[in-house]
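Dear colleague,

Please find the structure we discussed placed directly below. My notes on it follow, and I would be grateful if you would read them with the model open.

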Amino acid sequence: MNVSPHLWAPNKSADYQFDDSAMRLERAVSEFRYGRPIVLSGPEGSVAALALDAASPSDFERFARAAGGQHALYLSRHRAARLGLSNADDIAIPARDMDFASASALAYARDSATQIEWKPATSLMRTAGEVAGLALLLPAMMCVEVPRHARTFAACAEVDHLDLPKSRRMARNFEVVVRTPVPLRDLGDCEFVVFRGGVAQKDQVAIVVGQPDTSGPVPVRIHSSCLTGDLCGSLKCDCGDQLRNGLSSLKEQGGGVLLYLDQEGRGTGIGAKMRAYGYQHEGLDTIDADAELGFGPDERRYDAAVAMLGGLGIGAVNLLTNNPTKVAALLAAGIAVNGRTSVTGRITPDNLEYLRTKTLRAGHALDIDLLTRAATELSDG
Ligand SMILES: Nc1nc2c(ncn2[C@@H]2O[C@H](COP(=O)(O)OP(=O)(O)OP(=O)(O)O)[C@@H](O)[C@H]2O)c(=O)[nH]1
Ligand SMILES: [Zn+2]
């Protein structure tokens, strides 16, 4: 049936305009992950960026051709420090004659060449680095300034320099999708509360054990997902034990809440975590292994946790953790932390160094004497 143009009266207020920061970021995150360039724009112009971690050699070549040789390799300050280039700056290394293998080696291989020319990264490149973080990609990308009116990257997803600061304000917009009872072994009645929101985030789950009284401080465990430890019983960390001991402790305390956050690998993602394991097998500790890949010691944010506690009507907690950053994040968000209890797991030959690094380098409240005795006993056989 043909509709006469006279009968079609578009309602302007119902148009799909989609001009918001979250949408632009989420599209850019998705494009980045598929190995396509994105464009970052600000008052100083525009920069196109291609995430090395997601790009194939042919994506790399295509980008280099489009950039006309003017492109540079962006690396985070953590990676720059590992290469001995800069302790303070994210950097940009001119890449005219760089091939895919050399760029990848500079981005994340050990013992890469260190005598190279570099400049501090521009602020738009740093914005691209943050988008890579949201996309759970390594903070390493090819970048090129896009001349005004150039059409080369016109089809690419675009992010405005203000989108990230704006999206940080949206990072705490979470809604409850569903609440459903799930009986759990040894714990009895529990309820799973699924939250959806944030920017480029998966759904997050709160597990309510028993019926905690939210009028006072609630026993709470904030647990970052660990596929290897929680699900598969990996001996390389204590996460699985902490998950189960944490839930049991909530029951013993008469009920409480476990927030299961989508923060695999301290917020770097399962891909980066497994790459970091490769470097741990070569002898690096967990923090240096992450730095080798360009990451800081802990890339996690706790906006989702704060939003979920708010959604559950919890304003004061007794936190089950050894991690001072979690306590600080809640306090900074105005949540009262009335107490802190340790949650521990088994010490094994495989997780001993992981636990020692947490204590000595990340300030976790674990008993270092106990860990040292365990190390001696394990080495004595
Ligand atoms: N990058 C990296 N992440 C790891 C490694 N081992 C475990 N993880 C991650 O470390 C995080 C552990 O999180 P949590 O269980 O919340 O523990 P935590 O920060 O140690 O603090 P508490 O358990 O609360 O004391 C999870 O995101 C794991 O996926 C590792 O070797 N490298
Ligand atoms: Zn773990």
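Is Asp298 buried, partly exposed or exposed? Asp298 is partly exposed, because 16 other C-beta atoms lie within 10 Å. Under the definition used here, a residue is buried if 20 or more other C-beta atoms lie within 10 Å of its own, exposed if 12 or fewer, and partly exposed in between, with C-beta atoms placed from the backbone.

Before going further, please note that this is a predicted model, in which local features need pLDDT of at least 70 and side-chain atom pairs count only at pLDDT 80 or more, while totals for chains, interfaces and linings use all residues. Residues are numbered from 1 along each chain as its sequence is written, and chains are lettered from A and ligands numbered from 1 in the order in which they are written.

The chain as a whole

The chain contains 15 helices and 14 strands; these are DSSP runs (helices H or I, at least four residues; strands E, at least two), numbered from the N terminus. Its C-alpha trace spans about 70 × 65 × 35 Å along the principal axes. Of the 381 residues, 39% count as buried. Two residues are said to be in contact if their C-beta atoms, placed from the backbone, lie within 7 Å. Among the contacts with a separation of 6 or more, 66% are between residues 24 or more positions apart.

Annotated positions

The entry assigns "domain: GTP cyclohydrolase II" to residues 178–341. This span is 37% helix and 26% strand, and its end C-alpha atoms lie 30 Å apart.

Under "active site", the unreviewed entry lists Asp298 and Arg300. Asp298 sits in the loop between helix 11 and helix 12 (303–311), and the loop between helix 11 and helix 12 also holds Arg300. Leaving out residues up to four places away in sequence, Asp298 touches Arg266, Thr325 and Ala362. Arg300 counts as partly exposed, because it has 18 C-beta neighbours inside 10 Å. With the sequence neighbours up to four places away again left out, Arg300 touches Ser224, Gln263, Arg266 and Gly267.

The "binding site" annotation of the unreviewed entry covers Cys226, Cys237 and Cys239. Cys226 lies in the loop between strand 11 and helix 7 (227–231), whereas Cys239 belongs to helix 8. Cys226 is buried, with 23 C-beta neighbours inside 10 Å, and Cys239 is buried with 23 other C-beta atoms within 10 Å. Not counting residues up to four places away in sequence, Cys226 touches Cys237, Cys239 and Glu264. On the same terms, Cys239 is in contact with Cys226, Gly229 and Asp230.

Helix 14 (residues 352–362) has Tyr354, Leu355, Arg356 and Lys358 as its buried residues. Gly363, whose phi is positive, near 70°, follows helix 14.

Packing of helix 1

The axes of helix 1 (residues 21–33) and helix 6 (residues 163–170) come within 9 Å and cross at roughly 110°. Axes are lines fitted to C-alpha atoms, for helices over the stretch in contact, and angles run from 0 to 180 degrees between N-to-C directions. Ser21, Ala22, Arg24 and Leu25 of helix 1 make the contact with Asp163, Lys166, Ser167 and Met170 of helix 6.

The axes of helix 1 and helix 5 (residues 123–134) come within 9 Å and cross at roughly 75°. Helix 1 and helix 5 are therefore roughly perpendicular to each other. Leu25, Ala28, Val29 and Phe32 in helix 1 meet Val131, Ala132 and Leu134 in helix 5. By class, this contact has seven nonpolar, no polar and no charged residues.

With kind regards

Methods
UniProt positions are given in the numbering used here, feature names are shortened, and annotations may be inferred rather than shown by experiment. Angles under 35 degrees count as roughly parallel, over 145 as roughly antiparallel, 65 to 115 as roughly perpendicular and the rest as oblique. Ala, Val, Leu, Ile, Met, Phe, Trp, Tyr, Cys and Pro count as nonpolar, Asp, Glu, Lys and Arg as charged, and the others, Gly among them, as polar.
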